[in-house]
Amino acid sequence: MIKIMFVCHGNICRSPMAEFVMKNIVRKNGDDGRFYICSAATSNEEIGHDIHRGTKQILKEKNIPFHRREAVRLTKNDYEKYDYIIGMDSYNFQNILKIFGCDPEEKVHLLLSFADIDRNIADPWYTNDFECTYNDILKGCTALYSKLK
């Protein structure tokens, strides 16, 4: 089983969006049993909170199933549990490495790097542009799935 952890700052916008987008891609391709997918935060700010309303709205618009969930924080122990730990931006990437201390197995990646795009996924908490964030996440998740299948 391939285990993927998506990570952003608060685990209420980008990382849960990526979690549910990737689950949808996997489900549509009949690969549910091959993947374990979840998401977490690098900060404590939103722990226990549900997905942001803007993320819920874009997932509904795109007909991507999701469920209520509570934001959780990435822990040092997660490094051993997951094959891929994927940040949404360079700030997340650096904070992931601070939590883990190092990345000897090179598990930590930026999502858009799988699509050969060298930039961050904008945080819709600040931009309020959930459509743009969704488009980037879809590109990254589609490329990641292509690499893993």
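Five aromatic pairs turn up in this predicted model. The rule pairs rings of Phe, Tyr and Trp (its six-membered ring) if their centres lie within 6.5 Å; planes under 30 degrees apart count as stacked, over 60 as edge-to-face and the rest as tilted.

Before you start: the model is predicted, so local features need pLDDT of at least 70 and side-chain atom pairs count only at pLDDT 80 or more, while totals for chains, interfaces and linings use all residues. Residues are numbered from 1 along each chain as its sequence is written, and side-chain values use heavy atoms, leaving out hydrogens and water.

**Stop 1: Phe35 and Tyr145**

Select Phe35 and Tyr145. This aromatic pair is tilted, with 6.0 Å centre to centre and 45° between the planes. Phe35 sits in strand S2 (residues 35-41) and Tyr145 in helix H6 (residues 130-148), so the pair links parts of the chain 110 residues apart. Helices (H or I, at least four residues) and strands (E, at least two) are DSSP runs, numbered from the N terminus. Buried means under 20% relative accessible area, exposed over 50%, partly exposed in between (1.4 Å probe, protein chains only).

**Stop 2: Tyr79 and Phe100**

Now select Tyr79 and Phe100. Their ring centres are 5.0 Å apart and their planes stand at 70°, so this pair is edge-to-face. Tyr79 belongs to helix H3 and Phe100 to helix H4 (residues 90-100), 21 residues apart. Tyr79 counts as buried, at 5% relative accessibility. Phe100 counts as buried at 5% as well.

Lys107 lies over the face of Tyr79, 4.6 Å from the ring centre. A charge sits over a ring if NZ of Lys or CZ of Arg is within 6 Å of the ring centre and within 35 degrees of the ring normal.

**Stop 3: Arg69**

Go to the loop between helix H2 (53-61) and helix H3 (78-81), where you will find Arg69. Arg69 is buried, with a relative accessible area of 10%. Which side chains make polar contacts with the side chain of Arg69? One is Asn11, at 2.8 Å. Another is Ser39, at 3.2 Å. A polar contact is a pair of N or O atoms within 3.5 Å; within protein, one must be able to donate a hydrogen and the other to accept it, and residues adjacent in sequence count only if both atoms are side-chain atoms.

Show the residues that Arg69 touches, among them Pro16, Glu19, Phe20 and His49. Contact means heavy atoms within 4.5 Å.

**Stop 4: helix H2**

Colour Gly54, Thr55, Ile58 and Leu59, which are buried in H2. Look down the axis of H2: these buried residues fall within an arc of 135°, so they line one face of the helix. The arc is that of the directions from the helix axis to the C-beta atoms. The buried residues pack against helix H1 (14-28) and H6. Turn to the other side of H2 for Arg53 and Lys60, which are exposed. Just after H2, Asn63 has a positive phi of about 55°.

**Stop 5: strand S3**

Finish on strand S3 (residues 84-87). Tyr84 and Ile86 point one way, Ile85 and Gly87 the other, and all are buried. Strand S1 (residues 2-8) runs parallel to S3, joined by four bridges. Ile4 has Tyr84 as its bridge partner in S3. Strand S4 (residues 108-110) also runs parallel to S3, through three bridges. Here Gly87 is partnered by Leu110 in S4. Two strands pair if DSSP finds at least two bridges between them.

Conventions: Lists of a residue's contacts leave out its neighbours within four places in sequence.
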